[in-house]
Protein chains: 2
Amino acid sequence: MANLADDIEQYLKEHLQQSPVIEVQRAMLAARFGCAPSQINYVMATRFTPEHGYLVESRRGGGGYIRIIRLNMERGDALHELVYHEIGDQLSQEEAFGYISRLREQKIISDREAALMQAAVHRETIRLELPARDFLRAHLLRSMILAILRSS
Amino acid sequence: MANLADDIEQYLKEHLQQSPVIEVQRAMLAARFGCAPSQINYVMATRFTPEHGYLVESRRGGGGYIRIIRLNMERGDALHELVYHEIGDQLSQEEAFGYISRLREQKIISDREAALMQAAVHRETIRLELPARDFLRAHLLRSMILAILRSS
DNA sequence: TCTAGAAAGGTCAAATAAAGTCAGTGTAAG
DNA sequence: CTTACACTGACTTTATTTGACCTTTCTAGA
């Protein structure tokens, strides 16, 4: 064991215990561990996914960075379950509305947020042929729930 | 880390909180931040667009200036205006993000709602080929803003 | 009045500074 | 010996920053 990817993971997770959000520079980190920059992407892709409870955002160009966000997992587990097991890769409007109203009843989202999400997944909004529409709807709902998870 | 453009943006926005119109001199501002004057134009072009809710006027020659005007959306029909006239039928991610950050800055939507909307219009969420993606994005944003309008 | 600076700001392409992708190679556990 | 995981490098994409050159406006002197 104890390969590079694990070391980098370890290093980042130590910092993430201090604060729920950290920012690193890919080239810096790669230099510190003496590896190729793309190795950092590999670590992100395999260890800091939403399934693992993390979100990664980044920016290119001058002043670029990689930001890792540790998701709050307290009542996050329910949302997690929703995102990764209940919502498949296709979703009908009725199913989506069902999930949304459940979230509202559980007070995880406000009425306005529910209205917003409903509008987004409504079939009039996503004017695509099936099955593309149902695929996109699943994607939309998943992304929006992750956004909630991130900003709570 | 923090780049110059972001610093300049923040500096100007602080002043814009005091008053809805400010005037600066390009060369002065560039000198203060130790950068090329054209950097100021870059900041105007990327951060103070109409989508972001700002107008920029300027005048050359002796006594020249750059004037930044913060538009506000106190009038209820401003959202209406946004939906029916400003947002066209295609929208790039940058334009959409501009509108969203304007809505947030003007306290019409919360941070969470902004995050939700950003997630929905993000290019990773709408995985379609252009120009379909830009059409759908315009549709999505319009529908979500209408939802906000209806539920407030 | 006319005109030549001087004093602004504008434009655009190139340079620079990041990060992302992907196909392919290496490696170690079973 | 094969398969999954780790790792790399060449190439791509995006964002920022600068500098050379252009346009507009004002002002002072002829």
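In the predicted model, the contact between chain A and chain B takes 25 residues from chain A and 26 residues from chain B. On the side of chain A that touches chain B, helix H6 and helix H7 (132-150) of chain A each supply at least two residues. The largest share of this side, 9 residues, comes from H6(A). Sorted by class, the side of chain A that touches chain B has 12 nonpolar, 8 polar and 5 charged residues.

Chain A itself is described next. Its secondary structure comes to 7 helices and 3 strands. Read from the N terminus on, the elements of chain A follow the order α-β-α-α-β-β-α-α-α-α. Along the principal axes, the C-alpha atoms of chain A fill a box of roughly 50 × 35 × 35 Å. Chain A has 152 residues, of which 26% count as buried. Where contacts in chain A join residues at least 6 apart in sequence, 56% of them join residues at least 24 apart.

Within chain A, helix H5 (residues 93-105) packs with helix H6 (residues 111-121): the axes of the two helices come within 10 Å and cross at roughly 170°. An angle over 145 degrees counts as roughly antiparallel, and H5(A) and H6(A) are therefore roughly antiparallel to each other. From H5(A), the contact is made by Gln93(A), Ala96(A), Phe97(A), Ile100(A), Ser101(A), Leu103(A) and Arg104(A). From H6(A), the residues that make the contact are Asp111(A), Ala114(A), Met117(A), Gln118(A) and Val121(A). By class, this contact of H5(A) with H6(A) has 7 nonpolar, 3 polar and 2 charged residues. An α-helix has 3.6 residues a turn, so residues three or four places apart point the same way. In H5(A), the contact residues include Gln93(A), Ala96(A), Ile100(A) and Leu103(A).

In chain B, helix H5 (residues 93-105) has 13 residues. From its first C-alpha to its last, H5(B) reaches 18 Å, close to the 18 Å expected at 1.5 Å a residue. The buried residues of H5(B) are Glu95(B), Ala96(B), Gly98(B), Tyr99(B), Ile100(B), Arg102(B) and Leu103(B). Helix H6 (111-121) and helix H7 (132-150) of chain B are included in what covers these buried residues of H5(B).

The backbone was also examined at particular positions. Most residues other than glycine have a negative phi, and most peptide bonds are trans. Lys107(A), which is not a glycine, has a positive phi of about 60°. Lys107(A) is found in the loop between H5 and H6 of chain A. Lys107(A) is exposed, with 8 other C-beta atoms within 10 Å; a residue counts as exposed if 12 or fewer such atoms lie within that distance. The place of Lys107(B) is in the loop between H5 and H6 of chain B, and Lys107(B) is exposed, with 8 other C-beta atoms within 10 Å.

A cis peptide bond joins Leu130(A) and Pro131(A), with omega about 5°. Pro131(A) is found in the loop between H6 and H7 of chain A. In chain B, a cis peptide bond joins Leu130(B) and Pro131(B), and omega is about 5°. Pro131(B) has its place in the loop between H6 and H7 of chain B.

The model also holds DNA strands. DNA strand C is surrounded by 24 residues, and the closest are Arg26(A), Ser58(A), Gly64(A), Arg26(B) and Gly64(B). In chain A, helix H2 (26-32), helix H3 (37-47) and strand S3 (65-70) each supply at least two residues of the surface near DNA strand C. In chain B, helix H2 (26-33), helix H3 (37-47) and strand S3 (65-70) likewise each supply at least two residues of this surface. By class, the surface near DNA strand C has 6 nonpolar, 14 polar and 4 charged residues.

DNA strand D is surrounded by 28 residues. The closest to DNA strand D are Ser38(A), Gly61(A), Cys35(B), Ser38(B) and Gly61(B). Two or more residues of the surface near DNA strand D come from each of helix H1 (4-18) and H3 of chain A, together with helix H1 (4-18) and H3 of chain B. By class, the surface near DNA strand D has 10 nonpolar, 14 polar and 4 charged residues.

Definitions and conventions. Residues are numbered from 1 along each chain as its sequence is written. Chains are lettered from A and ligands numbered from 1 in the order in which they are written. This is a predicted model: local features need pLDDT of at least 70, side-chain atom pairs count only at pLDDT 80 or more; totals for chains, interfaces and linings use all residues. Axes are lines fitted to C-alpha atoms, for helices over the stretch in contact, and angles run from 0 to 180 degrees between N-to-C directions. Helices (H or I, at least four residues) and strands (E, at least two) are DSSP runs, numbered from the N terminus. Angles under 35 degrees count as roughly parallel, over 145 as roughly antiparallel, 65 to 115 as roughly perpendicular and the rest as oblique. Two residues are in contact if their C-beta atoms, placed from the backbone, lie within 7 Å. Ala, Val, Leu, Ile, Met, Phe, Trp, Tyr, Cys and Pro count as nonpolar, Asp, Glu, Lys and Arg as charged, and the others, Gly among them, as polar. A residue is near a molecule or strand if its C-beta atom, placed from the backbone, lies within 6 Å of it. The expected span of a helix is 1.5 Å times one less than its number of residues. A residue is buried if 20 or more other C-beta atoms lie within 10 Å of its own, exposed if 12 or fewer, and partly exposed in between; C-beta atoms are placed from the backbone.
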